[in-house]
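Dear colleague,

Please find below the structure that I am handing over to you, together with its sequence. A short account of what was found follows it.

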Amino acid sequence: MGSNSFSILNNSQNKQLCIFDFDGTLADTFVSGAKLINSYAIKFGYKQIDFSNTKNLSARQLIKLSKVKFWEIPRLVKFFRKKSEETAAEINLFSNIIEILHCLKKNGFDLAIASTNSQKTIDTVLKKYNIENMFTFLRTDIPLFGKKRALTRIRRYNSKIYNKLIYIGDEIRDIEACRKANIDIISVSWGFNSLESLQQHTKKVVSTPQELLETLMQQCS
């Protein structure tokens, strides 16, 4: 995709904040994450998952399928955050994501990240691509099912600063959290959940970074 594809200009004087999920939205971590989770199934006593057949499942459905006890989730999430930090330098961003971020900044959008992943992992990846200064703030280490609370706090703090807040995420649980937190969301189909499963929960689903850019520009013009 050529650089001219990202030259849309926003004439609006409104201040907008785009809040990005990290895993599956900015960063391509699905395959490595699936391998990591399955590699510790025997140690922690849960069922290995065939992740090639899970694109239509929500996080809660996947947990039920793996037979992980709900009370064990915080401990497991903490463990896998630490393990992910060990290989954070190997994580890659999705193709054309950096161009989209630069174009949004050029057009006056502020950018942020709200993620269940750790501060250390996200910092490592952002520094790898020299984009650590592009984001107004990072909200990291959010509990697996704590995004509603985190996004509600973000909205309350930033609603007087920005005319519009939009979350960009790849999961059904992102849609559910944004609905409860009263924040608009644009879902992307290149991450954890499939296009079809996302469309069952929201009409705002995009399939490419270019389409994401165009949708943001139209929605915030």
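This is a predicted model: local features need pLDDT of at least 70, side-chain atom pairs count only at pLDDT 80 or more; totals for chains, interfaces and linings use all residues.

Strand E2 covers residues 110-114, and it pairs with strand E1 in the parallel sense over four bridges. Isoleucine 19 also stands opposite tyrosine 167, a residue of strand E4. The pairing of E1 with E4 (residues 164-169) is likewise parallel and runs over five bridges.

Is strand E1 largely enclosed or open to the outside? Five of the five residues of E1 (residues 16-20) are buried, so the strand is largely enclosed by the rest of the structure. In a regular strand, side chains alternate between the two faces of the sheet. Both faces of E1 are covered: Gln16, Cys18 and Phe20 are buried on one side, and Leu17 and Ile19 are buried on the other.

The second finding concerns the surface. A patch of positive charge is formed there by Arg60, Lys148, Arg149, Arg153, Arg156 and Lys180. Which helix gives the most to this patch? That is helix H7 (residues 147-158), which contributes four residues. Arginine 153 is found in this helix, H7, and belongs to the patch. Its relative accessible area is 47%, so arginine 153 counts as partly exposed, a class that lies between buried, under 20%, and exposed, over 50%.

With kind regards

How values were computed. Residues are numbered from 1 along each chain as its sequence is written. Side-chain values use heavy atoms; hydrogens and water are left out. Patches are made of residues with over 30% relative accessible area and no salt bridge: like charges are joined within 9 Å, nonpolar side chains (Val, Leu, Ile, Met, Phe, Trp, Tyr) within 5 Å. Accessible areas come from the Shrake-Rupley method with a 1.4 Å probe; for residues, only the protein chains shown count as cover. A salt bridge is a side-chain nitrogen of Lys or Arg within 4 Å of a carboxyl oxygen of Asp or Glu. Lys and Arg count as positive and Asp and Glu as negative; His and the chain ends are not counted. The place of a charge is taken as NZ of Lys, CZ of Arg, CG of Asp or CD of Glu. Helices (H or I, at least four residues) and strands (E, at least two) are DSSP runs, numbered from the N terminus. Buried means under 20% relative accessible area, exposed over 50%, partly exposed in between (1.4 Å probe, protein chains only). Two strands pair if DSSP finds at least two bridges between them.
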